[in-house]
Amino acid sequence: MLHSIIEMLHSIIGAITGENDRKKIRGTVVLMKKNVLDFNDLSASVLDRVHELVGQGVSLQLFSAVHADPSNGLQGKVGKPAFLEDWITTITPLTAGESAFKVTLDYDEEVGQPGAFIIRNNHQSEFYLRTLTLEDVPGHGRTHFVCNSWVYPADKYNTDRVFFTNQTCLPSETPGPLCRYRERELVNLRGDGTGELKEWDRVYDYAYYNDLGNPDRDPKYARPVLGGSVEYHYPRRGRTSRPPSETDPNSEGRLPLLMSLNIYVPRDERFGHIKILRLFVTVLPMSLTFDLYEGFKVPDGPLLDKIKENIPLEMLKELVRTDGEGLFKFPTPQVIKEDKSAWRTDKEFAREMLAGLNPVVIRRLEEFPPESKLDPEVYGNQNSSITIEHIENHLDALTINKALEKKRLFILDHHDTLMPYLRRINTTSTKTYASRTVLFLKDDGTLKPLAIELSLPHPDGDKFGAVSKVYTPAEHGVEGSIWQLAKAYAAVNDSGHHQLLSHWLNTHAVIEPFVIATNRQLSVLHPINKLLDPHFRDTMNINALARQILINAGGVVESTVYPSKYAMEMSSVVYKNWVFTEQALPADLINRGMAEKDSDAPHGLRLVLDDYPYAVDGLEIWSAIETWVEDYCSFYYKTDEMVEKDSELQSWWKELREEGHGDKKDEPWWPKMHTVKELIDTCTIIIWVASALHAAVNFGQYPYAGFLPNRPTISRRFMPEEGTPEYEELKSNPEKAFLKTITAQVQTLLGISLIEILSRHSSDEVYLGQRDTPEWTLDATPLKAFEKFGRKLVDIEENIIKRNGDERFKNRVGPVNMPYTLLYPTSEGGLTGKGIPNSVSI
């Protein structure tokens with residue numbers, strides 16, 4: 001009834017004013033209202049309707065791409081405003097979803113072809129603007145705008161919100177009337193580096209990692225600032241603008257735990273509603289009681305009241321069970337699903353270095369005994385104490401030199417990374433070693449461990465070198481139990497390296513500066529922005545949340561991973577050796593001695609170890625990404641000169657090096673960004689790191705490490721020595737002794753609850769080879785190239801399935817009967833152990 005009355009009034013007014021006789025452009029706006037996402041803010045919906053009734057609706061104005069307005073600084077001619085229709089009568093779904101609204105604009109010949117539009121939200125609350133589609137623009141037909149942005153009430157902004165059509169163009173090719181809008185939008189996104197940032201701000205800026213510590217809580221929670229100093233290098237993070245802490249002006253203040261989801265990131269970088277629902281449980285467990293068999297329980301009292309105040313109703317229903325059951329009843333991890341004890345075998349222990357959670361560390365051993373690169377003036381002799389006698393009887397009749405020559409010796413080496421911190425780490429509750437594990441390649445393509453060296457700093461001081469002991473395989477008696485413990489200590493080292501370096505530093509942390517620089521320097525019209533943008537989805541938000549509850553002082557990582565309070569400081573030391581160009585998979589494999597250049601081999605590389613699932617699958621993915629990027633970039637950049645003269649691209653690359661990774665700005669290995677090839681190589685590395693590399697080290701966390709004895713993260717006591725009560729316990733009850741050594745139950749529960757969440761795919765995830773908006777560009781050639789990329793990924797999926805079913809490749813399934821699927825490109829939502837999301841999104 002109300003809808004009919006409003007239409008009749010519009011018709012009468014149009015007849016009186018003559019508006020009905022003018023040419024019209026019909027359009028459709030797709031958006032999502034705020035109240036769809038926030039069931040507790042029902043007042044927003046009511047107030048928006050009130051604003052509509054008094055004429056304060058949502059208006060649009062078209063900008064000309066062809067006609068400049070001399071009175072407006074030669075910017076595009078601006079059309080008359082038109083309002084979204086039927087806001088009051090359009091029924092918003094009570095589940096998260098989009099609504100379509102009609103808009104009718106007067107066609108103005110002085111505007112002609114629209115290249116952008118202004119939108120003004122005169123309502124009380126924000127909405128998520130998905131697209132605007134104009135039908136039958138005279139002389140131009142259908143015109144589509146991809147927006148994907150939150151639009152807050154107009155009084156929150158100092159300048160108008162502007163959205164461009166889905167055309168793609170270099171700065172020099174931008175239609176003249178749009179040039180200043182393009183430049184102004186980038187200025188708005190950069191901000192001025194001052195002031196407190198609010199949720200509606202769209203500012204992308206840099207800051208040091210000065211928000212990990214909490215000295216106001218207690219001096220023991222103080223942590224060094226990472227980045228910006230000679231001692232502590234680090235990538236930059238997004239600026240949040242919180243005031244400094246009271247006790248340390250160099251440290252940023254922190255939010256209360258329950259407000260963690262409110263940490264500032266630009267609004268368009270925040271999680272969607274589905275992921276917010278799922279990720280809130282990373283905050284909740286810290287305030288819950290938990291039991292191994294009953295799951296987590298929300299305690300009655302003020303905490304539950306506080307949660308109800310801050311969390312939307314539907315989210316709360318999902319989190320707080322009303323059927324009496326506890327939260328987080330964990331599914332059986334894949335590693336013990338088929339066989340409860342196969343994880344203990346030496347074959348599985350070695351296989352997971354090639355097809356497990358951290359397959360990016362193992363390297364070919366090129367000298368024996370292994371040598372340290374630590375400064376002997378500071379650390380004394382840190383070379384390995386593993387001798388020929390330890391291993392010579394297990395080399396299938398080969399000599400050491402022959403095994404080296406035939407490339408059949410490998411090493412998992414965590415010695416040099418850990419030793420400089422080991423003395424300090426062992427002053428905490430952790431009691432561990434720096435480890436080296438030497439392995440031999442058998443004729444069947446599998447690896448067998450030959451020896452594990454466990455080292456401690458010399459009790460008289462670092463300059464006296466290491467005190468080491470070597471353990472060799474044994475199956476029975478106390479020797480067998482000692483060997484299982486030696487493998488556990490090596491696994492503890494590898495778990496810490498995985499979580500802090502392979503995962504956090506080498507994907508999450510190093511990618512964030514690219515997200516910031518791209519938004520600050522590359523317009524949404526720029527082809528490289530359009531290429532990279534899908535690979536930055538949710539990264540700033542997950543990193544901000546990690547700083548708040550995971551990698552902060554006293555956070556989950558310090559509580560559950562062995563370096564404890566030194567965890568992030570250690571990652572800073574390792575970042576000093578980070579080299580951007582070595583993040584390319586081929587370069588990484590060559591650097592670790594796992595591959596050699598061979599122009600006749602697939603992808604130009606010959607693997608030293610043919611059955612290396614991560615490398616085999618990864619090279620197919622890498623090659624597909626590289627081909628797609630080459631096809632795309634070559635369409636827009638016909639010559640090297642076009643790369644050099646692209647002002648936005650050069651500003652982007654300069655800022656990325658000098659600001660985003662500012663501690664490494666003088667490194668000689670940075671690409672110069674003078675050629676098309678350098679651009680292709682750079683973008684391929686960025687996409688590889690954000691998508692496939694992150695998938696390989698993230699989504700196997702629960703399948704492999706959900707059973708903590710397989711991937712312990714902490715060791716609580718040293719190896720038992722003969723003649724001690726601990727040694728006697730190891731002889732009489734080896735299972736009990738083992739469990740007393742590795743991660744404790746409380747830490748296990750907290751750690752498992754975290755990795756179970758981080759290993760799950762959100763149901764709205766967008767995977768490699770997919771886009772959430774099909775019409776992301778007008779250009780047909782890149783769209784066809786992207787379709788080709790998608791088809792190639794389908795072929796790669798089929799290849800992986802075939803390899804996993806081929807019994808010749810023993811490392812692909814292993815004793816635990818667990819196929820390697822981490823680089824399988826697509827997945828359904830949930831805990832699947834497969835799928836490559838476009839971005840570091842979890």
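Ala553 is placed in the loop that lies between helix 15 and helix 16 (556-560), helices (H or I, at least four residues) being DSSP runs numbered from the N terminus. The structure is a predicted model, in which local features need pLDDT of at least 70 and side-chain atom pairs count only at pLDDT 80 or more, whereas totals for chains, interfaces and linings use all residues. Residues are numbered from 1 along each chain as its sequence is written, and side-chain values use heavy atoms, with hydrogens and water left out.

With a relative accessible area of 5%, Ala553 is buried, a term that denotes under 20% relative accessible area (1.4 Å probe, protein chains only). Not counting residues up to four places away in sequence, Ala553 touches Leu212, Gly213, Asn214, Tyr221, Arg223 and Glu558, where contact means heavy atoms within 4.5 Å. Ala553 and Pro215 are separated by 338 residues in sequence, but their C-alpha atoms are 9.3 Å apart in space. In helix 15 (residues 539-549), eleven of the eleven residues are buried, including Asn543, Arg547 and Gln548.

Helix 19 (residues 613-636) is likewise mostly covered, with 17 of its 24 residues buried. At 1.5 Å a residue this helix should span 34 Å, and the 35 Å between its end C-alpha atoms agrees with that value; the expected span is 1.5 Å times one less than the number of residues. The axes of helix 19 and helix 27 (residues 780-804) come within 10 Å and cross at roughly 175°, the axes being lines fitted to C-alpha atoms over the stretch in contact, with angles running from 0 to 180 degrees between N-to-C directions. The two helices are therefore roughly antiparallel to each other, the term applying to angles over 145 degrees. Among the residues that meet are Ile621, Trp628 and Phe635 of helix 19 and Phe786, Phe789 and Ile796 of helix 27. By class, this contact has 15 nonpolar, three polar and six charged residues.

Leaving aside neighbours within four places in sequence, the contacts of Trp688 include Tyr614, Ile621, Trp622 and Ile625.

Definitions and conventions:
Buried < 20%, exposed > 50% of the residue type's maximum accessible area, 1.4 Å probe, protein only. Parallel < 35°, antiparallel > 145°, perpendicular 65-115°, else oblique. Nonpolar A, V, L, I, M, F, W, Y, C, P; charged D, E, K, R; others polar.
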